[in-house]
Amino acid sequence: MGEVLERPAATGTVLPILDIQHVDKRFAFGAETITALSDATLRIGKGEFICLIGPSGCGKSTLLRMIAGFETVSSGALLMWGKPVSGPGPDRGMVFQDYGLFPWLTVSQNIAFGPVARGRPKAEAAAIARRFVEMVGLTRFAEAYPHQLSGGMKQRVAIARVLANDAEVVLMDEPFGALDAMTRERLQEDLLEIWARAKLSIIFVTHAIEEAIILADRVVVMSPGPGRIIADERIALPRPRDPTGVEFNALRRHLSGLLGSHH
Amino acid sequence: MTALAVRATASRQALLAVAAPVLGLLAWHVATSGPGYHLIPPPADVAVQWWDLAFGGVWDDLYSATLWTHAMASLGRVYGGFALAALVALPMGMLIGRIAVVRDLLDPSLQILRPIPVTAWLPLAMIVFGIGPRSAFFLVFLGAFYPFLLNTVFGVRSVEGRLFEAAAMLGVGRQAVFWKVVLPASLPSIFTGLRLGLGFAWVVIVVGEMTGVQTGLGAIIMEARQLSRTEIVISGMVTIGVLGFLSDRAVQLLGRRLLRWSPQHG
Ligand SMILES: Nc1ncnc2c1ncn2[C@@H]1O[C@H](COP(=O)(O)OP(=O)(O)OP(=O)(O)O)[C@@H](O)[C@H]1O
Ligand SMILES: [Mg+2]
């Protein structure tokens with residue numbers, strides 16, 4: 001769309017890719033109003049890897065869905081490259097926990113779905129699909145249908161699908177929650193590699209503190225009733241990170257303290 | 001499983017599948033071939049009659065070698081009525097499923113009309129369309145219409161919300177979402193409707209052809225009954241059974257090709 005080129009260079013400071021300013025989200029629940037998110041403020045730079053952690057019901061999914069454009073903000077501003085987000089779009093790709101793959105399309109057709117939908121020529125879309133099928137290591141399964149894949153493979157397809165569509169921001173809502181520990185570790189490594197290579201900005205929701213520390217540049221901690229952001233911790237450890245290391249464990253203790261004190 | 005075991009299972013299945021009809025035929029033969037029973041002819045007589053009906057050369061009467069004419073007439077009505085039902089029910093079901101105004105407008109009326117059995121439409125059809133093939137055609141249309149419509153509506157309405165989100169986030173616009181998501185996602189249900197509708201079309205055809213049409217399998221069955229040609233009655237029934245079975249098989253094969261992606265169909 002050429003948006004990256006016309007990105008305005010703000011005076012002196014770098015424009016954040018996502019700028020979330022005092023955002024509230026209220027849901028009507030029968031006669032009541034539920035405040036799912038209160039006064040959320042967060043700036044995310046291009047290429048940053050953010051992990052969102054917090055107890056159930058603190059508004060993590062709600063925040064992610066507002067960034068994706070599936071929900072509107074009740075008050076405050078949600079800007080991407082300085083422009084208000086007004087609906088879903090290919091610049092922000094969502095990876096759902098339940099995958100959300102199209103069951104009638106093969107792996108490569110699922111991955112080509114975005115480019116085809118946006119009117120790319122057939123041959124070009126096919127070439128894009130081939131590239132990303134290979135990137136996520138599913139070449140042998142390119143012609144398989146989703147019901148023939150394991151959970152980890154489906155999640156790879158879901159990731160490839162948003163990458164193939166030139167997403168700059170990838171939103172992931174507990175994407176590895178349903179996977180076994182080994183598959184999860186493999187996908188974490190692969191995700192970090194893809195993130196670094198494609199210069200993505202990632203917002204990754206997880207319940208697991210360890211996962212957050214392994215992945216993130218910054219861990220954003222939220223607390224419920226109403227959902228708020230209570231901490232924003234920078235993880236300065238070099239990658240790959242060793243979960244048995246001293247600093248890693250100090251961070252783990254620190255973050256679980258933050259989570260525990262706000263229950 | 002080894003190839004040998006697979007083949008053994010398959011042949012066992014085939015054996016069991018023919019076992020029941022063979023036993024049935026045997027029982028039929030034993031019960032009817034003795035002296036003193038005349039209501040139902042034994043299977044051998046029916047087989048001879050069927051042969052004459054299909055190819056002639058046995059009795060050489062009014063019915064000899066007419067089976068194809070009657071079968072083609074019935075087939076034409078079944079598929080014609082069915083195609084017309086599909087043509088109306090498919091777009092209507094899509095609209096009812098997708099657009100609230102259309103649903104509120106049509107759904108109550110359709111729900112009230114639905115419980116009326118197709119056979120109850122017969123007299124009205126004869127009044128409107130007269131005694132003849134058009135009434136039969138109309139009944140087949142009606143019989144195929146509801147299963148097709150209801151399954152289409154169901155399919156369209158039960159598309160997972162997540163898929164709409166996925167499509168929107170990948171850049172599919174409001175118009176394209178119908179072709180890109182709604183139609184393929186509801187294909188399995190539409191297909192179920194198609195199969196049920198075709199089945200109903202075969203059920204209704206005999207009733208429809210009792211409205212005084214000259215040709216058709218239903219017509220000869222009724223006519224033969226009046227002439228006490230019970231062999232012809234049964235030959236007609238068998239033919240309807242076989243044709244219905246074959247057309248269901250064809251639809252199933254088509255479904256397997258089209259719905260390879262669906263764990264329930266593939
Ligand atoms: N569509 C909705 N209508 C009404 N309330 C909603 C809706 N969506 C979310 N909520 C409420 O908003 C709050 C935050 O929900 P959200 O799903 O964002 O939490 P979460 O942090 O993702 O929790 P979890 O870790 O369990 O996924 C909850 O109290 C929930 O009941
Ligand atoms: Mg959630």
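Lys and Arg count here as positive and Asp and Glu as negative, while His and the chain ends are not counted; the place of a charge is NZ of Lys, CZ of Arg, CG of Asp or CD of Glu. On that basis, chain B has 18 positive and 12 negative charges, whose mean positions are 15 Å apart. This is a predicted model, in which local features need pLDDT of at least 70 and side-chain atom pairs count only at pLDDT 80 or more, whereas totals for chains, interfaces and linings use all residues. Residues are numbered from 1 along each chain as its sequence is written, and side-chain values use heavy atoms, with hydrogens and water left out.

**Fold of chain B**
- Chain B has 10 helices and zero strands (DSSP runs: H or I of at least four residues for helices, E of at least two for strands).
- Along the principal axes, the C-alpha atoms of chain B fill a box of roughly 75 × 65 × 30 Å.

**Burial in chain B**
- Of the 266 residues in chain B, 40% are buried (under 20% relative accessible area, 1.4 Å probe, protein chains only).

**Interface of chains A and B**
- The contact (heavy atoms within 4.5 Å) takes 25 residues from chain A and 18 residues from chain B.
- A:Trp104, A:Phe113 and A:His147 supply 31% of the area that chain A buries against chain B, more than any other three residues (buried area is the accessible area, 1.4 Å probe, that two parts lose on being put together, summed over both).
- Chain A and chain B bury about 1900 Å² between them, 70% of it on carbon and sulfur atoms.

Key: Chains lettered and ligands numbered in written order. Buried < 20%, exposed > 50% of the residue type's maximum accessible area, 1.4 Å probe, protein only.
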